[in-house]
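Please read the chain shown below with its fold, its core and a few single residues in mind. The paragraphs that follow take these topics in turn.

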Amino acid sequence: MPQRHVVAAAGEIAAGGRKLVNVAGREIGIFNVAGDYYALANRCPHEGGSLCEGFVTGIARSDGPNDYRMERKGEFLRCPWHGWEFDIRTGQSWCDPQSVRIRQFAVKVEHGEDLVKGPYVAETFEVKLDGDYLVIEV
Ligand code: FES
């Protein structure tokens, strides 16, 4: 049965930032994309690279040769091994979205006062009643 894990204080990961955590033996990257949080397995579906350590970028669009532009900046993650790109919001591969995706975990923002009622596991820090925290289920 999945457990809830407190993995960060809500203000700890700035927009555009990330935090790598180890939860229940899994490496997971927590990303803040324009104020929304996403948790992704740090394992590329291609050959197992440390995907969550990759470059956060946008996606190149083109209407023809020599005409390209970057769109959706900060929403894509490029694997540091062979460069496959994934949509952070959906976990889907940009090139093969129907069959290749990263494992995702739900992230919720919860108030410290609610967390003390449990059950949850605080990984690395003290939970204060008046703070907000990121909680994932693994
Ligand atoms: S291991 Fe990620 S692109 Fe190959």
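**Sheets, core and backbone**

The chain as a whole holds 11 strands and 1 helix. Along the sequence the elements follow the pattern β-β-β-β-β-β-β-β-β-α-β-β. The C-alpha trace spans about 60 × 30 × 20 Å along its principal axes. Of the 138 residues in the chain, 25% are buried. Among contacts between residues at least 6 apart in sequence, 49% join residues at least 24 apart.

How far can the coordinates be trusted? The pLDDT of the chain averages 91, and 93% of the residues score at least 70. Which strands mark the two ends of the confidence range? Confidence is highest in β7, at 97, and lowest in strand β10 (residues 121–122), at a mean of 64. Where pLDDT is low, the predicted coordinates should not be read in detail.

A second open sheet has 4 strands in the order β2-β3-β4-β8, again with antiparallel pairing. Its edge strands, β2 (18–23) and β8 (104–105), each pair on one side only. The link between strand β4 (residues 36–41) and β8 consists of 2 bridges, and these strands run antiparallel. Here L40 stands opposite Q104 in β8.

Strand β11 takes part in two further pairings. With β1 it runs antiparallel, joined by 5 bridges, and the partner of H5 in β11 is I136. Strand β9 (residues 107–111) also pairs with β11 in the antiparallel sense, over 5 bridges; in that case K108 has V135 of β11 as its bridge partner.

In soluble globular proteins, nonpolar side chains tend to be buried together. In this model the largest nonpolar core has 28 residues, and those with the most contacts inside it are I30, Y38, L40, I88 and L134. Two or more residues of this core come from each of β1 (4–9), β3 (26–33), β4, β6 and β11 (132–137). Which residues does I30 touch, not counting those up to four places away in sequence? They are V7, A8, I13, R18, K19, V21, Y37, A39, V107 and L134.

One of these contacts of I30 is A39, which is found in strand β4. Is A39 buried or exposed? A39 has 25 other C-beta atoms within 10 Å, so it is buried, the cut-off for a buried residue being 20 or more. Leaving aside neighbours within four places in sequence, A39 is in contact with I28, I30, Q104, F105, V107 and I136. The C-alpha atoms of A39 and G91 are separated by 9.3 Å, although these residues lie 52 residues apart along the chain.

Two backbone details remain. A24 is not a glycine, yet it has a positive phi of about 50 degrees. This residue is found in the loop between β2 and β3. With 12 other C-beta atoms within 10 Å, A24 is exposed, because the cut-off for that class is 12 or fewer. R72 also has a positive phi of about 50 degrees without being a glycine, but the place of R72 is in strand β6. How many other C-beta atoms lie within 10 Å of R72? There are 14, and R72 is partly exposed.

Key:
Residues numbered from 1 in each chain as written. Predicted model: local features only at pLDDT ≥ 70, side-chain atom pairs only at ≥ 80, totals over all residues. Contact = placed C-beta atoms within 7 Å. Pairing = 2+ DSSP bridges. Core = buried A, V, L, I, M, F, W, Y, C linked by C-beta atoms within 7 Å. pLDDT = per-residue confidence, 0-100.
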